[in-house]
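Trainee: I have a new model open. Please show me how to read it, one feature at a time.

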Amino acid sequence: MRKLKVLLLLAVLLFPLAATAQRRHGARVKVINQSKWEIHHLYLSPKDSNDWGPDQLGEDVLATGHSITLTNIRCNHYDIRVVDEDGDECVIEDVSLCRDESFWKITNKALLDCENAE
């Protein structure tokens, strides 16, 4: 019984430290391509910035129906620029990526709405 109390006490003491470490290192964001187009480039920019970060896909392609998990994303509202297989660019504005474990879906509607807005 005493061992159980010690383990519970350790868990209570260590949980806040783990949560703080996760916030310091940033969130994990799963990007899911639910569109009918391959995504060849994906860039993030904090909403209040004009600078795009590096291509989150690097040399990879985000195929239809696949996903990628981005790590160490700082809690913020982002503009997201995607470039599809045809070279069409789309900026989707003000996407909240602020939870420790969140996801964002790229859909046909989002891409077509963006393309039609240009």
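Trainee: What percentage of the residues of the protein chain count as buried?

Mentor: First, a caution: this is a predicted model. Of the 118 residues, 31% count as buried.

Trainee: Which share of the contacts with a separation of 6 or more comes from residues 24 or more positions apart?

Mentor: That share is 64% in the protein chain.

Trainee: Now a single residue. Where does S35 lie?

Mentor: In a loop, between strand 1 (27–33) and strand 2 (39–46).

Trainee: Is S35 buried or exposed?

Mentor: Check its relative accessible area against the cut-off: buried means under 20%. S35 has 1%, so it is buried.

Trainee: Which residues is S35 in contact with, leaving aside neighbours within four places in sequence?

Mentor: S35 is in contact with T64, I106, T107, N108 and L111.

Trainee: On to rings. What describes a pair of aromatic rings?

Mentor: Two values: the distance of the centres and the angle of the planes. For a pair, the centres must lie within 6.5 Å. By this rule the count here is zero aromatic pairs.

Trainee: What lies over the face of Y43?

Mentor: R81 does, at 4.3 Å from the ring centre. To count, CZ of Arg must be within 6 Å of that centre and within 35 degrees of the ring normal.

Note on methods
Residues numbered from 1 in each chain as written. Predicted model: local features only at pLDDT ≥ 70, side-chain atom pairs only at ≥ 80, totals over all residues. Heavy atoms only, no water. Phe/Tyr/Trp six-rings, centres within 6.5 Å; stacked < 30°, edge-to-face > 60°. Helix = DSSP H or I, 4+ residues; strand = E, 2+ residues; numbered from the N terminus. Buried < 20%, exposed > 50% of the residue type's maximum accessible area, 1.4 Å probe, protein only. Contact = heavy atoms within 4.5 Å.
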